[in-house]
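Below is a note for a colleague who is meeting this structure for the first time. Please read the points with the sequence and the model side by side.

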Amino acid sequence: MVAAANSSDATGTWHRVSKGPTPYQVYGKPIEKSPQDDREYRVIKLDNGLEAMLVHDVKADKAAASLDVAVGHLYDPDDMPGLAHFCEHLLFMGTEQYPKENEYSEYLAKNNGSSNAYTGTSNTNYYFNVSTAALSGALSRFAGFFHSPLFAPSCTVRELNAVDSEHKKNHQSDMWRIFQVNKHLSKDGHVWRKFGSGNKESLSQVGKDLKAKQNGNGNLNGNGAMKSADGSLTATPNESRAASPAPSVSSASSELEGDGGVIGRETRRRLVEWWSREYCASRMRLCVVGKEPLDELADMVAALFSPIPNRGREPLHMITDHPFGPNEMGTLVSVQTIMSFHALEVSFPLPYQPPMWRHKPGNFLAHFLGHEGPGSLHSYLKQKGWVTGLSAGPQNLARGFAMFKITLYMTPQGFEQYETLILSIFKYIALLRSSSFPAWYQRERSLISATRFRFAEKRRPDDYAVWVSEHMAWPVPRDLVLSAPQLTQEWDESDQVDGGEREMRALLDTLTVESSRTVLMAKADEYERVRGKDLVWEKEPWYGTPYRVERLSEEFVKKASAPNDLKELFLPGPNEFIPTNLNVEKREVEQPAKRPFLIRETPLSSLWHKKDDQFWVPKAQVIMDIRSPIPNSSARAYVTTRLFADLVTDSLTEFAYDADLAGLSYNFGGHSLGLYVTLSGYNDKLHVLAKDVLERAKALKVKPERLAVMKDQAKREYENFFLGQPYRLSDYYTRYLLTEREWTMSELLEEVSTVTPEELQGHIAAVLSKVNIQMLVVGNMYKDEASRLAQMAEDILQASPIPASEVLERSLLLPSGSNFIWQTPVPNKNEPNSSLTYYMHMGKLTEPRTRATAALLAHILSEPAFNVLRTREQLGYIVSASQWNLSGGGQTGVRIVVQSERGPAYLEQRVELFLKEMDEKLQTMPADEFLEHKAALQKRWREAPKNLGEEVNRYWGHIEHGYFDFHRRDNDANLLENVSKDDILALFRSNVDPSSSDRAKLSVHVKSQQPRPAKITVAAMEAFAQKVAERGYKVDEQAWKDALTADGDASVEKFAGYWRDALLAQASTVDPSIAQELTKVVPELMKTYPAADDGSEVVNEGATFVQDPKAFRASLEASERARPLVEWGDLPTSKF
């Protein structure tokens, strides 16, 4: 069933197909697609109401699927915030057909695949990618999640912990904090107020309440196992949970720990009850991308997804009531941030936007309010020195209501003038309201969208499947599912009612100060600086974010309602960057070339080029790497180079904005070897943009006032780095320790404030005086065009040449037989998480066999590491094992990262126990499983690039590092045929096994400053309960275990609280002095049965602790200098 708005999808456009084993309906009209798109499409509808878009891609080397359920966190029960998100987590833990809890992820990993899911406000999306031959098996496992999931009781507590860990990961994130403040400040009773991500507290409260009432019968059977209403879910799956390798006390013990006792069972019961009501087939939209013919895909989908029940729910429930009521509009909300920035966001309630798909009036208004060219709001505020950025546009908050948002990123001076900035926004809106809009504005937008649609390149198949399944919920005819979201129709000037302009004017009329809400964002000390110390703050309940709400004064509302009187504001003119030459000369080739060709070499530059021979779009991508030894010669030089790049970008904003709108973008940035200039998009006017970027860089005159803005921006970025996720910090420090020339954020921060305009002007001249340019051009450009671009760069820069070998990046090598640890605190004192980055060196990337064997070993370790360390051991939400290439591209290793509330020393112990167990897993791995891993990696390496961007990325790494080994992927895939399990075991035992005397290992411990609560083990609690019983107390064993052991070990505080109350309750029958005697035995029991992670410091034996990072780096040997691994001989003779 499709939305009622699809008036053209009359019954006659569907016809029934009954020839296969499972009947279904087919939508009769052809699906409108891009002329560039060589895939075939078909929409089918199953008898249960599920709708599917089938995509046949004969060239596919990767298949994918995405299922979108039209239920998100706004549909959570009021008493269980986060239930939809918890469902997304627990749903993956086995099905009746495939009960093993990691069957799905393991199958995908062995078939070059992966999966993920997300919970939105009105939808939940599940998706995967996999090798084409394995699509049927992946779909079989995937479909079961929606008709016969186990919601394995043994996984309940672990996935509650995973949700809780995810929430704690986000707890110090301003994005999440401000999002929840906005939701919290909705009108009373509105679903938008809900706490969508949930945490353990919000999801367990119903179970705690049930337990408190001592009424645990409900839908529980005699032994406490859960049954679903229709009996379709088995109470306990076939053994889905294998034991953890070297189980820790916290990961190990009992079924009681897994299902969470009364509290966990009630949480699960409510989840299954909710799932059985809300996960209805008619609410599901599926997209499958595969190599199989459409008929075969249709039969496959019909057979696998027809068992999903239709529960009679509304297919696309609409929430049309907007969260803004009279009390929410006309207000100023101030929010305190964690990170250092100043922002201001003005929001207006809007109707749901997809029904306006033809003319997209919200995007029309965004075009003007978000413009950055001359006369724009951005240009005016930037010239005042008040903003560094601006964005504007409609946002669908949920299915049924939307918001129009205008966001300003302010300088400190802009923050001081925040009221003036808000008024400036309303001045521009007044300008729009008083302006006439010639039809060419909409025609220009229509032309840009049509060109983009016509020449759309393919994406990764899972990304595309997600996009399609999401947009199948749009109220458009099924034949326009692909085109309607992407195309904008011109206005019909002869139709004054439905021609388009009237619809836009109606939206514009709603953008009033009376209907707005403004949110001001800054750190607490900035509010104090600008608004004084007397402000009174409230706290949002889930994140504790301080906020305050004020009504806008009548005087302010009057000013904001006045006509525009700023002469600096005016509407933009025609876009000169819209491409006019979209010709592509398509010459069919038997096989696309696998590399670019060196077509030009001078003392100053080398130019690699590849004319597009597979995508046939009028686009090109250009990378110019302008190398100099100066930018990375010191921390100060690095910062000064960054400021130079920022100023160039800042000076080009007005000129380049139209190019970006028209599909031609650039980036100018500093890096460790110099400066990057990248250009991508329609090639018609690419040279115009390239010329202006290079000329602006060469001739830049440093303006003190703009430098001050850029310095402040850089300073805040460096400061905010320390407030980011701990795993990013541990990864960063590991890179720092293993890179020859690298600077810490602290070193950069020390330098940024004192850079002067004069110093920067001299630095620019020095950087550009002597350079070497490495250049790559790929796409719809011929050799002569690419050569002219290279010559133009040389002519503009007028630099003296330096050899390419003078500017190279090198890594630092850990000595054989080393075990280093560097410890540092998490800078954010309120961050509860610590992090471990654990790196093991494998060897040279330039040695083919080492490279291929290391990649296969990393691939084999990846899935078990996630399954054991995250899913089973519940160490934290962030867990990953992967291959890690060091700086310079010549060395490689394996890196495991874990972010957790547990200490990094404890995490290191768990990682090492996991690695020891992996030896046995590798040793006993069946031959067919080993071959599956090899085949998966070979398929990944042999995958064709999906678009120009992917192709460029493959080539650039080889050029950037100077190895020019363009055929590496194919060569390694072939070489893998000869890699045996013995080779993998040998590499593992020498380079990974913690007991190896040859292993070279470095770990970085970033430790939270939040104290870990002391823990008492289940064994210690059992011993204590026995002593209590021996002293004459009545002990309710089930009660204390339900109260204390749901998570395995309990906090000492929680343990003491429970037993204090329990013993006091029997004070009339047992002498109270006995209770005091019993409390004295607890410390001894804790010593006898110690907790693995009791909050105390864990000792990592045998490790050498790095005391001085600089001295440590100085002690390491640098990797060998890069050299070409292949001489391609593209030029007759190399002169230089």
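1. The model is a predicted one, in which local features need pLDDT of at least 70 and side-chain atom pairs count only at pLDDT 80 or more, while totals for chains, interfaces and linings use all residues. Residues are numbered from 1 along each chain as its sequence is written, and side-chain values use heavy atoms, with hydrogens and water left out.

2. The protein chain is divided into domain 1 (75-93 + 151-211 + 259-278), domain 2 (331-457 + 472-492 + 499-561), domain 3 (597-806), domain 4 (812-1010) and domain 5 (1015-1088); these bounds come from an automatic or database domain assignment.

3. Between domain 3 and domain 4, whose C-alpha centres lie 31 Å apart, 31 residues of domain 3 are in contact with 38 residues of domain 4, contact meaning heavy atoms within 4.5 Å. The area buried between domain 3 and domain 4 is about 3,200 Å², with carbon and sulfur atoms giving 70% of it; buried area is the accessible area (1.4 Å probe) that two parts lose on being put together, summed over both. F615, R735 and L738 supply 20% of the area that domain 3 buries against domain 4, which is more than any other three residues.

4. The count of salt bridges between domain 3 and domain 4 is 2, where a salt bridge is a side-chain nitrogen of Lys or Arg within 4 Å of a carboxyl oxygen of Asp or Glu. R895 forms a salt bridge with D731, and the closest N and O atoms of this pair are 2.4 Å apart.

5. Helices (H or I, at least four residues) and strands (E, at least two) are DSSP runs, numbered from the N terminus, and two strands pair if DSSP finds at least two bridges between them.

6. Within this order, strand β10 (residues 343-351) is mostly covered, since 8 of its 9 residues are buried, that is, under 20% relative accessible area, with exposed over 50% and partly exposed in between (1.4 Å probe, protein chains only). β10 pairs in the antiparallel sense with strand β12 (residues 401-410) over 9 bridges, V346 standing opposite I406, and likewise in the antiparallel sense with strand β13 (residues 517-522) over 5 bridges, where A343 stands opposite M521.

7. Helix α15 (residues 440-454) has 15 residues and reaches 20 Å from its first C-alpha to its last, close to the 21 Å expected at 1.5 Å a residue, the expected span being 1.5 Å times one less than the number of residues. The buried residues of α15, including Y441, I448 and F453, pack against α11 (361-369), α20 (635-661) and β20 (674-682).

8. Helix α22 (residues 704-721) has 18 residues and spans 26 Å from first C-alpha to last, close to the expected 26 Å; among its buried residues are L707, V709, M710 and F721.
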